[in-house]
Amino acid sequence: MAPVATTRVAITRGISPAIADCELTHLTRTPIDLDAARRQHAAYEATLAALGCRVERLEADPAAPDCVFVEDTALVFEELAVITRPGAVSRRRETPPVATALARYRRLEHIAADGTLDGGDVLVAGRRVFVGLTARTDEAGAASLARALDPAGYTLSTLAVDGVLHLKSAASVVAPGLLLIDPECVDPTAFADFDVVTVAPGEGPAANALRLAGTVLLSAGFPATRRKLEERGLAVRSVENAELAKAEGGLTCCSLIFDVAESAR
Ligand code: CIR
């Protein structure tokens, strides 16, 4: 049989002109330079494109300050996509446009209304799914995700997260079977079946890294963690993210990346 050609899609969203009113949990509010944030975001999208993605940017919503952080609104698996129920009420209006975009590519399930779950709390490593229990994601949200994923054969477990917004603020997949984590925020023993590399001391935010096409995208400014990853033989590319970091956003937060068969485009 001929191999099926695939396209890698990255869904992104413009930055809301209201980003100054973003949700903040662990950081003190500081001014965000909207023009600089937009330049950095465009450069991020260009990096995704250079690494093989077809970038589909959804329009920003002036009434949704955090809409650029599309990761929190949905989870895309090979078999289905799950539309989340964000823990912050201000963010619930972000999901419908993302659901419309994803419906072209995947069957949709939804997190049930008795729980909350942010995509940033979900780390997918092969068929293992780790869900961080945080101010945004609760047990009922995790149980709803487990029900949606069970028929497709994913195994879900929950873990505690301390001192950061989301699980993926403190843990990322950087290679098959290899996680980058901040051990001050998540317990490494929760990932017993995986090889783990820890961020360098004082470089906690480096733990939110984005693996794409064999390259690890790392926020700029974390040289010691970069060296640790390179010592593991990984190709690392720095991405400037300082403005959106003031809104507690990292590199994974700004895209939903998945493969589609050519016929589904
Ligand atoms: C929020 O608090 O919801 C936004 N200001 C930041 C969301 C970042 N998203 C993510 O880590 N997945």
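A pocket, as the word is used here, is an open set of grid points with protein on both sides within 12 Å along at least five of seven lines, whereas a cavity is a set of points where a 1.4 Å probe fits but cannot get out. Keep in mind that this is a predicted model.

With that in hand, start with the second largest pocket, which holds about 510 Å³ of space. Its lining counts 26 residues, and those closest to its centre are Ser-169, Pro-205, Ala-245, Glu-248 and Gly-249. Sorted by class, that lining comes out as 10 nonpolar, 11 polar and 5 charged residues.

The largest pocket has about 1200 Å³ of space. Here 37 residues make up the lining, with Val-76, Val-124, Arg-211, Ile-257 and Phe-258 closest to the centre. Several strands give two or more residues each to this lining, among them strand 3 (74-76), strand 6 (122-125) and strand 15 (256-261). Strand 9 (171-175), strand 10 (178-181) and strand 12 (210-212) are on that list too.

Searching the whole structure turns up 2 cavities of 30 Å³ or more. Here are the volumes of the pockets and cavities together:

| Space | Volume |
|---|---|
| Largest pocket | about 1200 Å³ |
| Second largest pocket | about 510 Å³ |
| Largest cavity | about 80 Å³ |
| Second largest cavity | about 60 Å³ |

So what takes up the space of the largest cavity? The ligand does. The cavity's lining includes Glu-23, Asp-66, Phe-69, Asp-72, Arg-91 and Arg-136. Leu-165, His-166, Ala-247, Glu-248, Gly-249 and Cys-253 also belong to the lining of the largest cavity. By class, those lining residues divide into 4 nonpolar, 2 polar and 6 charged. Glu-248 and Gly-249 turn up in this lining, and both are also among the residues closest to the centre of the second largest pocket.

Looking out from the ligand itself, there are 14 residues around it, and the nearest are Glu-23, Asp-66, Glu-71, Arg-136 and Ala-247. That shell has 4 nonpolar, 3 polar and 7 charged residues. Which parts of Glu-23 and Asp-66 face a ligand nitrogen at 2.8 Å? For Glu-23, a polar backbone atom sits 2.8 Å from a nitrogen atom of the ligand. For Asp-66, an N or O atom in the side chain is 2.8 Å from a ligand nitrogen. Asp-72 also uses its side chain, with a polar atom 2.8 Å from a nitrogen atom of the ligand. The protein covers 99% of the 350 Å² of accessible area that the ligand has on its own.

Last stop: the second largest cavity. Its lining is made of Gln-40, His-41, Tyr-44, Glu-240, Asn-241, Leu-244, Leu-251 and Cys-254. Helix 1 (residues 34-50) gives the most, with 3 residues. The classes here are 4 nonpolar, 3 polar and 1 charged.

Technical notes. Residues numbered from 1 in each chain as written. Predicted model: local features only at pLDDT ≥ 70, side-chain atom pairs only at ≥ 80, totals over all residues. Heavy atoms only, no water. Near = heavy atom within 4 Å. Polar contact = N/O pair within 3.5 Å; in protein donor to acceptor, adjacent residues only side chain to side chain. Areas by Shrake-Rupley, 256 points an atom, 1.4 Å probe, with all protein chains shown as cover. 1 Å grid on protein atoms, 1.4 Å probe; cavity = no way out; pocket = protein on both sides within 12 Å on 5 of 7 lines; lining within 4 Å. Sits in = over half its atoms within 2 Å of the grid points. Nonpolar A, V, L, I, M, F, W, Y, C, P; charged D, E, K, R; others polar. Points joined across faces, edges and corners; volume = space filled by probe spheres on them. Helix = DSSP H or I, 4+ residues; strand = E, 2+ residues; numbered from the N terminus.
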